[in-house]
Amino acid sequence: MSMGMERKIDSLHIPTLQQLPCFCPAAAEALDIMNIFRLAGDVSHLVAIVILLMKIWWSKSCAGISGKSQVLLALVFTTRYLDLFTVFISTYNTVMKVVFLALSYATVYLIYIRFKNTFDSANDTFRVEFLLVPVVGLSFLENYAFTPLEILWTFSIFLESVAIMPQLFMITKTGEAESITTHYLFFLGLYRALYIANWVWRYHTEGFFDQIAVVSGVVQTIFYCDFFYLYITRVLRGRGKMSLPMPV
């Protein structure tokens, strides 16, 4: 089974049997691979997005939320799931793709249209071009096949690893974050940490290793390290808003 086929299994982007480089029983069985870490990671990711949507809808405000991060995440899902209407793997796979796409664009809609008067654009000032330019370049240089869909898939993996930076920058700039916002970030970080556990599990049980996804996932998790510490020591101890040091 090729590296390209295996890594797609871990990103809800799995080829059909007809698309496999060569068909064999082991390859067919791989299409149904699922472990507790992957499942828990998907659930954690979904919980994070639902928490954010509930926060915005119930408070009728998107204050403290980076619209730029949400646009980048919507772009991540869009470029990753371009095969939604051409490849059917399973009901679970299709439903999760649709859910993530729908919720990501719903979030962008609430921030920039429904509750745009509450959007804190003055503090959402991260220069996203500093993320997009290198990510585009890396996608062309480092990929498993030089085809449009493969390059866009790689782009989505690299972009996801840094898409949260505008949100973290916004929290640092304002100096604090509401508890509900930190809950969202915690579950988003937990999702990536669980996927790293999934990759470790698959490496030991299957000998599977996807360099692009693993390196990007580790980089993304590193961004959350300080946040995890502050979340556990401050938010979970009931101190309300989480205060962060102001940038110099």
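This report describes the salt bridges, a cavity and a surface patch of a predicted model.

## Basis of the model

Because the structure is predicted, local features need pLDDT of at least 70 and side-chain atom pairs count only at pLDDT 80 or more, while totals for chains, interfaces and linings use all residues. Residues are numbered from 1 along each chain as its sequence is written, and side-chain values use heavy atoms, with hydrogens and water left out.

## Salt bridges

Across the whole structure, a search finds 5 salt bridges, each defined as a side-chain nitrogen of Lys or Arg within 4 Å of a carboxyl oxygen of Asp or Glu. In one of them Glu160 pairs with Arg80, with the closest N and O atoms 2.8 Å apart. Glu160 lies in helix H7 (residues 148–162) and Arg80 in helix H4, so this pair ties together parts that are 80 residues apart in sequence; helices here are DSSP runs of H or I, at least four residues long, numbered from the N terminus. Both Glu160 and Arg80 are buried, a term for under 20% relative accessible area, with exposed meaning over 50% and partly exposed in between (1.4 Å probe, protein chains only).

A further salt bridge joins Lys97 to Asp83, their closest N and O atoms being 3.0 Å apart. Since Lys97 belongs to helix H5 and Asp83 to the loop between H4 and H5, the pair ties together parts 14 residues apart in sequence. Lys97 is buried at 1% relative accessibility, and Asp83 is likewise buried at 3%. Glu129 and Arg127 also form a salt bridge, with 2.4 Å between the closest N and O atoms; Glu129 is partly exposed at 32%, as is Arg127 at 45%. Shared partners link Arg80, Glu160 and Arg192 into one salt-bridge network.

## The second largest cavity

The lining of the second largest cavity includes His45, Gln70, Ser104 and Tyr184, where lining residues have an atom within 4 Å of a point of the cavity, itself a set of points on a 1 Å grid over the protein atoms alone where a 1.4 Å probe fits but cannot get out. Helices H3, H4 (67–80), H5 (91–114) and H9 (179–206) each supply at least two residues of this lining.

## A nonpolar surface patch

Met34, Ile36, Leu39, Val43 and Tyr92 make a nonpolar surface patch of about 440 Å², patches being built from residues with over 30% relative accessible area and no salt bridge, with nonpolar side chains joined within 5 Å and like charges within 9 Å. Helix H3 (residues 36–59) provides the largest share, 3 residues. Leu39 is placed in helix H3 and is partly exposed at 37% relative accessibility.

Note on methods
Areas by Shrake-Rupley, 256 points an atom, 1.4 Å probe, with all protein chains shown as cover. 1 Å grid on protein atoms, 1.4 Å probe; cavity = no way out; pocket = protein on both sides within 12 Å on 5 of 7 lines; lining within 4 Å.
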